[in-house]
Amino acid sequence: MPLASLLCLVVAISDGDTLTVRCGSPGTYQQVKVRIAAIDAPESRQAFGQKSRQNLARMCFRQRASLQPVDEDSYGRTVAHVRCGNADVATAQVRAGLAWVYTPYAESRPQLVALQRQARSQQAGLWSQKRPLAPWDYRHRRSKR
């Protein structure tokens, strides 16, 4: 395990690709908002947004999570590769059809693209829709209103 990884407790789930963790020792806890690297999940009000959030909660809520920080996003969130238990969260969300591969952070995770193709061909999760709308397109449309 790389030295840079943190072991934290998941204390909140915002949506299918964002969670809040508590890291550190008692008395010096730090709350950190984490955006899962390499994926983009449907927004809460989008189709499959709640399912994606519930799936992430089932995997991670009140669980220990190990984080490998990669970056910080424009909202000040830590972008990290996240594992809850033995599960790689990005892999699980993409495999279940509950998140898109987010290419800007996915170069180091080529297997995700293959998993997304597989989920799509099996019409898993959001791929069961005729024309699933990528979250970045959804956000872009809403910002135009």
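**Close-up 1. Tyr105 in the loop between β8 and α3 of the predicted model.** Tyr105 sits in the loop that runs between β8 (100-101) and α3. Leaving out residues up to four places away in sequence, Tyr105 touches Ala37, Ala38, Val70, Asp71 and Val79.

**Close-up 2. Gln116 in helix α3.** Helix α3 covers residues 111-121, and Gln116 is part of this helix. Is Gln116 buried or exposed? Its relative accessibility is 15%, so Gln116 counts as buried; the limit for that class is under 20%. Apart from neighbours within four places in sequence, the residues in contact with Gln116 are Val94, Ala99, Trp100, Val101 and Trp127.

**Close-up 3. Helix α1, residues 49-60.** The helix has twelve residues, which at 1.5 Å a residue should span 16 Å; the C-alpha atoms at its ends are 17 Å apart, in agreement with that expectation. Just after α1, Arg62 adopts a positive phi of about 60°.

**Close-up 4. The buried and exposed sides of α1.** The buried residues in α1 are Gly49, Ser52, Asn55, Leu56, Met59 and Cys60. Viewed down the helix axis, these buried residues fall within an arc of 130°, so they line one face of α1. An α-helix has 3.6 residues a turn, so residues three or four places apart point the same way. Which elements do the buried residues of α1 pack against? Their partners are the strands β1 (6-15), β2 (18-23), β3 (30-36), β6 (78-84) and β7 (87-88), together with helix α2 (89-95). Lys51 and Arg58 are exposed and lie on the face of α1 turned away from its buried side.

**Close-up 5. The largest pocket.** The space in the largest pocket amounts to about 340 Å³. Its lining is made up of 15 residues, of which Arg35, Asp73, Tyr75, Arg77 and Arg139 are the closest to the pocket centre. How many residues of the lining are charged? Eight are charged, alongside five nonpolar and two polar residues.

Technical notes
Residues are numbered from 1 along each chain as its sequence is written. This is a predicted model: local features need pLDDT of at least 70, side-chain atom pairs count only at pLDDT 80 or more; totals for chains, interfaces and linings use all residues. Side-chain values use heavy atoms; hydrogens and water are left out. On a 1 Å grid over the protein atoms alone, a cavity is a set of points where a 1.4 Å probe fits but cannot get out, and a pocket is an open set with protein on both sides within 12 Å along at least five of seven lines; lining residues have an atom within 4 Å of a point. Grid points are joined across faces, edges and corners, and a volume is the space filled by probe spheres set on the points. Ala, Val, Leu, Ile, Met, Phe, Trp, Tyr, Cys and Pro count as nonpolar, Asp, Glu, Lys and Arg as charged, and the others, Gly among them, as polar. Helices (H or I, at least four residues) and strands (E, at least two) are DSSP runs, numbered from the N terminus. Buried means under 20% relative accessible area, exposed over 50%, partly exposed in between (1.4 Å probe, protein chains only). Contact means heavy atoms within 4.5 Å. The expected span of a helix is 1.5 Å times one less than its number of residues. The arc is that of the directions from the helix axis to the C-beta atoms.
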